[in-house]
Amino acid sequence: SFIQHCYQLFDKDRTQLGAIYIDASCLTWEGQQFQGKAATVEKLSSLPFQKIQYSLTAQDHQPTPHSCIISMVVDPIMGFHHMFLLKNTSDAWVCTNDAFRLALHNFG
């Protein structure tokens, strides 16, 4: 449900994404790194597109030794991989690490 919530915020109002990040969060977007909630929201809010037609065909989730969850999302139609590291803080899940990469290939 966290992934669905994240993508709904992404399409509806990216400035509201600050609710799922913390000041120690890290974002890697296509190789560019951003540190902190403000920098993450600023980057995501500045992307030149407003909405995406998602086709999230695969999601993998694993617990980690420190009571976190690592989640990977794959969308083969749009051609991206998205990874989140989620941590439960004060009975709420937040994203401490977020990595996004397009995975488009031309096999000509």
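Q: How do the residues of the lining of the largest pocket divide into nonpolar, polar and charged?
A: This is a predicted model, in which local features need pLDDT of at least 70, side-chain atom pairs count only at pLDDT 80 or more, and totals for chains, interfaces and linings use all residues. Residues are numbered from 1 along each chain as its sequence is written, and side-chain values use heavy atoms, with hydrogens and water left out. A pocket is an open set of points on a 1 Å grid over the protein atoms alone where a 1.4 Å probe fits, with protein on both sides within 12 Å along at least five of seven lines, and lining residues have an atom within 4 Å of a point. The lining, which includes F2, H61 and W93, divides into 5 nonpolar, 5 polar and no charged residues.

Q: Which element gives the largest share of the lining of the largest pocket?
A: Helices (H or I, at least four residues) and strands (E, at least two) are DSSP runs, numbered from the N terminus. Two or more lining residues come from each of α1, β3 (58-63) and β4 (68-75), and the largest share, 3 residues, comes from α1.

Q: Which residue stands opposite I70 in β5?
A: Strands β4 and β5 (residues 80-89) pair in the antiparallel sense over 8 bridges, where pairing requires that DSSP finds at least two bridges between two strands. While Q62 stands opposite I70 of β4, the residue opposite I70 in β5 is L85.

Technical notes
Nonpolar A, V, L, I, M, F, W, Y, C, P; charged D, E, K, R; others polar.
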